[in-house]
Amino acid sequence: MDYDFIIIGGGSAGCVLAARLSEDASVRVLLLEAGGRDRHPFYHLPAGFAKMTKGIGSWGWQTVPQVHMNNMVIRYTQARVIGGGSSINAQIYTRGNALDYDEWRQMGCDGWSYEDVLPYFRKAEDNDTHDDRYHGKGGPLGVSQPRAPLPICEAYFAAAAQLGIPRNMDMTGAAQDGVGYYQLTQRNARRSSTSVAYLGPARGRANLTVRTGVQVRRIVVEGGRAVGVEIAGEGVLRTNSEVILSSGAIGSPRLLMLSGIGPADHLASVGIRAVFDQPGVGSNLQDHVDLFVIAECTGDHTYDRFAKPHLSALAGLQYLLTRRGPVASSLFETGGFWYADPAARSPDIQLHLGLGSGIEAGVARMPHGGVTLNSAYLRPRSRGTVRLASADPLAAPLIDPNYWAYPYDREMSLRGLRLARDIMRQDALKPYVLAERLPGAEVQTEADLIAYACRHAKTDHHPAGTCRMGSDAAAVVDTRLRFNGIAGLRVVDASVMPTVVSSNTNAATIMIAEKAADMIRADHGVTA
């Protein structure tokens, strides 16, 4: 059958679009997701995040060698499950800084200033604490205060205060500066992914078809118009209106290039005939690189002790009875925003306090219990690429964030790492922190810190920008997210961000999809 809208990618954006567009019963919507269903409990238990970077629901990709970081290769977790990143992330609800969106407008993205996008943030939210200019209640997305903080979190706030960093009770409100508890995409101590929050209530609609485990091989373009998609083993499914690509900042440019849409010279190099030459596809990749401090604790002050099987069982029982304890924790629900560059227009460092060690893949676990403090520079000047390794649709893409191509990025990253170390050394944390183990007391010079970073750096999982939105001729999509040069094709996900927001990207991606749904309905005369 034909569909009005075919959405490729059932992630943070795709689930929002499927739910919103199918609100009109006269519109037929097809949502295609390459990954599976989110049936496993780990997708719904907040602490399940600890399993996510270790392979569950992920494509298993990695970067190419990072030439400015001693050719290190970094594991690059990208979701392969319905709900996408919202089903596997640490559930941290942050939006970036208001100035990020005002900068988008200044770059030519009319309609995307902070005042333009704020209503869509509020529309999405069902906030359990705030209902004001900045926050909403009654939306699909559960946004909640943490259920399971530990005393070491308050000590962290006190340690930051000793360095002049204030407490902030709402880092997505009037100001971003300071440290505090992050709100989380949770409802009733369960993960509130877009699969659960948006798609769940919509699944019974007769006009919405959701298919998982479906590999789209290419977008079909005829006469300069996207008319459908080719599915492995099935042939072509056609659309009457639009193909909407929502496969993420890595997946969307990858599929475009597999479809012959992208830089013609690159496509030729892997044996793909160019359908449309668009050099911007897969360019402008931005991401936050993360440098961390791990300290050994003086006792059982974090959740590391629950790695023991009998304590893990007790934690599970506590969660079932009270919806609190380790299982109710996202493990990174404490953090904040501060400055590496004192002249920065707004905070340029983000901190995440991890209530344990070895939480993410490839990160060391302390044998006697530990605590982690991640730092990430938020405004990288470096730009990377997503390219194809071959014409094989099953081959992993070549992901090159090109970290530290600008020496300024390296300097700011190292300042962020030094800030994290300084916080961990403050007197307020001494009852909890025995000693820094990584980088370790012997790592002091800039050369030492660079060497440490080039062994232990990781992604913050915030890729963006690879199908850049803009009003200029080189932009991949226009400000209504329509593909420049191909009719009937739109891109809706983090790839359209001109610059990556100064925080985690999930909330901003949901906002983009909410705004896009209204634009699509307006363009096609569809009612809500």
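Select Glu 436 to begin: with a relative accessible area of 17% this residue is buried, a word that here stands for under 20% relative accessible area, with exposed meaning over 50% and partly exposed lying in between (1.4 Å probe, protein chains only). The model is a predicted one, in which local features need pLDDT of at least 70 and side-chain atom pairs count only at pLDDT 80 or more, while totals for chains, interfaces and linings use all residues. Residues are numbered from 1 along each chain as its sequence is written, and side-chain values use heavy atoms, with hydrogens and water left out.

Arg 425 is partly exposed, at 38%.

Then move to Arg 437 and Glu 296, which form another salt bridge, with the closest N and O atoms 2.8 Å apart. Because Arg 437 lies in strand E24 (residues 433-438) and Glu 296 in strand E18 (residues 289-297), the pair ties together parts that are 141 residues apart in sequence; strands are DSSP runs of at least two residues (E), helices of at least four (H or I), numbered from the N terminus.

Finally, select Trp 112, which, leaving aside neighbours within four places in sequence, is in contact with residues including Tyr 101, Leu 481 and Met 519, contact meaning heavy atoms within 4.5 Å.

How values were computed:
A salt bridge is a side-chain nitrogen of Lys or Arg within 4 Å of a carboxyl oxygen of Asp or Glu.
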